[in-house]
Amino acid sequence: MDGISRGTVLGGRYTLQQALSSRNGVEQWVASDGTLGRETTVTVFAADHPHASAALDSARRIAGVEDRRLAQVLDVGTESEPTVSYVITEATHHSHSVAALLREGTLPAEEVRRIVGEAAVALETARQRGLHHQTLSPHEVLRSSDGAVQVSGVAVAAALMGRDDDDGDSASRQDVRALVRVAYAGLTARWPGESDMPGVESVDRRADGQLPAPSELVGRVPGDLDTLCRTVLSADEGPRTPGELARQLSPWSAERVHGAGGRSTEAGEPSRDGRRLATGTSMTGASIASKDAIGQTDHDSTDPGSLDQDDEPTMIGRRPQFDQDETSAYPISQSEPEHYNADPYHEEDLEPPLPLLAHGTEEPDSRSSRLALAIVAAVVVLALFLGFLGLRGLFSPSEDTDQAAQPSTATKSAQSGTPSAKTTPAKEVDVASVSTFAPGGTGNEHGWEAENVIDDDPETVWETRYYRSQDFSDGGPGLVLNLGKPTKVSKVTVDVNGAAIDATVLTADNPTEGDEMGTFSGDGKQTVSATSAPKVQYVIVRVSKLGTQDSGQNRARIGEVSVFS
């Protein structure tokens, strides 16, 4: 593209560094954000492109959709020199597309379920705002090194192709078919579309022109995924919206699923019944299958997040020790006592009777009856005695009463004119609303989770996105608590749910800047108190250093924030 090369600066802050792709007059670049010091992905096209205005409008609309699974649009604009328009999104080039993952072979079936399920949820969120993808392929479905799934190009790519005017039902169905094609490709490493897909080998259709089912090409394909591919791609039936597809795929693993993908049926794959025993019924939610059933951890050299990890297969499915009929009972272990495999009405010996009482079901004898009556009588006498002592103490003058009759030190101080100190307990202030801001004070940071910090439940959290760096020199992400009206603020408590963070608490008259109230560093419940109690409407919690969570991600997690007057 004329005027676009390495070193070109767009919007006065985005410096192009590396070209990623170029197709049909649209280029993608890696750029450095000179203001926030982070990498971004830039989509560049000619300002006079016939669909430039529609693409920029779609980018602005998708920027308002809050879903961590959608690549976030950060900025849009048009340059006069060079005359180009651009869309800035968060950096995605460190993730691997499904197309790239398939270079190493098929994916585990339950990882396909998870990836496509997450992508379906993302597209359903966009659909509810009237936005669709319509050009989805294995290159737009991404998996990061920690297993997070994202979808790029929603609405913008279709607008650049002039397809944003399609009716909603048709566009939703296109997205569903595209998602199922991605699932088919993940299971078989073959692309089932009508046209070729760069980087993915096309499937060989049957003699009648129909697509073979995934189970005809590889083993270890769960029955529901096999049926879904045949129903949607061959019969043109099945779910009509991404939300319906997500419900049909659920439940899926919350974490990345490691293990071997399907094997070619030409390589001695066992019969369908044998495969079902190894793979299991994914919808049962049973726990981890054995290594023999799903294979070892896949060390994907293209994905740094998978290297040097312990063998931890997480495929969902029935354990191999279940027999082949899912309705059959779980077989009793051979380690159980022998009598469990014998007479089902076998009766254990009864415990020995209590001492001093008659045995079994016989009528109590006279000796036992007298003993029982004596025990009951002793208990009644003891209860009456204790009750008498209680009543006596209630109506007799106590030592505290005698002391109360004497002039207290506080009373004497008052009589002598010496003032006594009073301590007023801090009172919690109601928070009207909560919003978030990204590093540098622009945009939002998981705004859909903001209300979690005032719901009185420390287990529901607001968390930032994850960053490669922990420290923010020019101001990190944070929360803005709106008290609704100017209110005295004497103390703020922040419950850090996760790794320790550094943060600054500010009190302010507006939601963008304020006076520092104090700082804290640590995890758990942190308290910042004011030397005086200013009357303000906003309390700002700004994170200056993220914590490294158990997952290895640099992010902040806050469960609750409480404000006291």
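Helix α3, which covers residues 109–127, has 19 residues and reaches 26 Å from its first C-alpha to its last, close to the 27 Å expected at 1.5 Å a residue. The model described here is a predicted one. Of the 19 residues of α3, 16 are buried, so the helix is largely enclosed by the rest of the structure.

**Packing of α3 with α5**

- Two packed helices are described by the angle between their axes and the distance between the axes.
- For α3 and helix α5 (residues 168–188), the packing angle is about 165°, and the axes are 9 Å apart.
- Because angles over 145 degrees count as roughly antiparallel, α3 is roughly antiparallel to α5.
- The crossing of α3 and α5 is right-handed.

**Residues where the two helices meet**

- On the α3 side, the residues are Ala109, Val112, Val116, Ala119, Ala120, Leu123 and Arg127, and in α5 they meet Ser172, Asp175, Leu179, Val182, Ala183, Gly186 and Leu187.
- The residues of this contact between α3 and α5 divide into ten nonpolar, two polar and two charged.
- An α-helix has 3.6 residues a turn, so residues three or four places apart point the same way.

**Val9 and its surroundings**

- Val9 lies in strand β1, which covers residues 9–10, and Val9 counts as partly exposed because its relative accessibility is 39%.
- When its neighbours within four places in sequence are left aside, Val9 is in contact with Tyr14, Thr15 and Glu79.
- From C-alpha to C-alpha, Val9 and Gly34 are 9.5 Å apart in space, while in sequence they are 25 residues apart.

Conventions:
Residues numbered from 1 in each chain as written. Predicted model: local features only at pLDDT ≥ 70, side-chain atom pairs only at ≥ 80, totals over all residues. Heavy atoms only, no water. Helix = DSSP H or I, 4+ residues; strand = E, 2+ residues; numbered from the N terminus. Buried < 20%, exposed > 50% of the residue type's maximum accessible area, 1.4 Å probe, protein only. Contact = heavy atoms within 4.5 Å. Expected span 1.5 Å × (residues − 1). Axes fitted to C-alpha atoms, helices over the stretch in contact; angles between N-to-C directions. Parallel < 35°, antiparallel > 145°, perpendicular 65-115°, else oblique. Left-handed = near helix turned anticlockwise from the far one by under 90°. Nonpolar A, V, L, I, M, F, W, Y, C, P; charged D, E, K, R; others polar.
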